[in-house]
Amino acid sequence: MSSENASSPSLTRNLPLLVLFLAIVLGVGITIGILNTPGAWYEALTKPPFNPPNWVFAPVWTILYVMIAIAGWRTYLRAGNSRIMQIWYGQLILNWIWSPLFFTLHFMWTASAVIAVMLYLILNFIGGNWRADRLSALLFIPYALWTTFAGLLNLSLALLN
């Protein structure tokens, strides 16, 4: 497990890079959310009983995006352009394409497949970082749980509609 913590010199020296990771992950994520809102189409769908109110999604995703950015930053500092970093990039790209697929294009089944692959990559990121950087792995656990829930919700919406 990495012995570096948030106050270590190498992490502190790389705070501008953390700001960049946060700005990109949050900036792109929030922009995609604004450009691909649920809208009337989503409101008209038959929803499962566990469908949360729409206001829940923005704060949850904001918190998750901060955690995703921190985990990516830490992994990048430790492992550069390694396989584990490629997994981080992959899950993030899939994350960003899900909203346009689902909310704008209404491709519920395709979006469901994207979530399945995204969850696979998230779990691989957790496993790949578990020994090398436990904090980065732990930061992805709420993301894995939320993505599992989102996948179940996506699949339920596809089946009901």
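Which residues of α4 are buried? In this predicted model, where local features need pLDDT of at least 70, side-chain atom pairs count only at pLDDT 80 or more, and totals for chains, interfaces and linings use all residues, the buried residues of α4 are W61, L64, Y65, M67, I68, A69, A71, G72, W73, R74 and T75. Buried here means under 20% relative accessible area, exposed means over 50%, and partly exposed lies in between, with a 1.4 Å probe and protein chains only. Residues are numbered from 1 along each chain as its sequence is written, and side-chain values use heavy atoms, with hydrogens and water left out.

Helices are DSSP runs of H or I with at least four residues, numbered from the N terminus. Helix α4 covers residues 57–79, and because its 23 residues should span 33 Å at 1.5 Å a residue, the 31 Å between its end C-alpha atoms agrees with that expectation, which is 1.5 Å times one less than the number of residues. After α4 comes G80, with a positive phi near 55°.

One of the buried residues of α4, R74, forms a salt bridge with D133, in which the closest N and O atoms are 2.8 Å apart; the term denotes a side-chain nitrogen of Lys or Arg within 4 Å of a carboxyl oxygen of Asp or Glu. Since R74 lies in helix α4 and D133 in the loop between α6 and α7, the pair ties together parts that are 59 residues apart in sequence. R74 counts as buried because its relative accessibility is 7%, and D133 counts as buried because its value is 3%. The structure holds one salt bridge.

Helix α4 also takes part in lining the largest pocket, as do α2 (15–35), α5 (83–104), α6 (108–129) and α8, each giving two or more residues. This pocket has a volume of about 630 Å³ and is lined by 29 residues, of which F57, W61, W98, S99 and F103 lie nearest its centre.

In the loop between α5 and α6 is H106, which has a positive phi of about 65° although it is not a glycine. Most residues other than glycine have a negative phi. H106 counts as partly exposed because its relative accessible area is 35%.

Turning to α7, this helix contains L135, which is partly exposed because its relative accessibility is 42%.

Conventions. 1 Å grid on protein atoms, 1.4 Å probe; cavity = no way out; pocket = protein on both sides within 12 Å on 5 of 7 lines; lining within 4 Å. Points joined across faces, edges and corners; volume = space filled by probe spheres on them.
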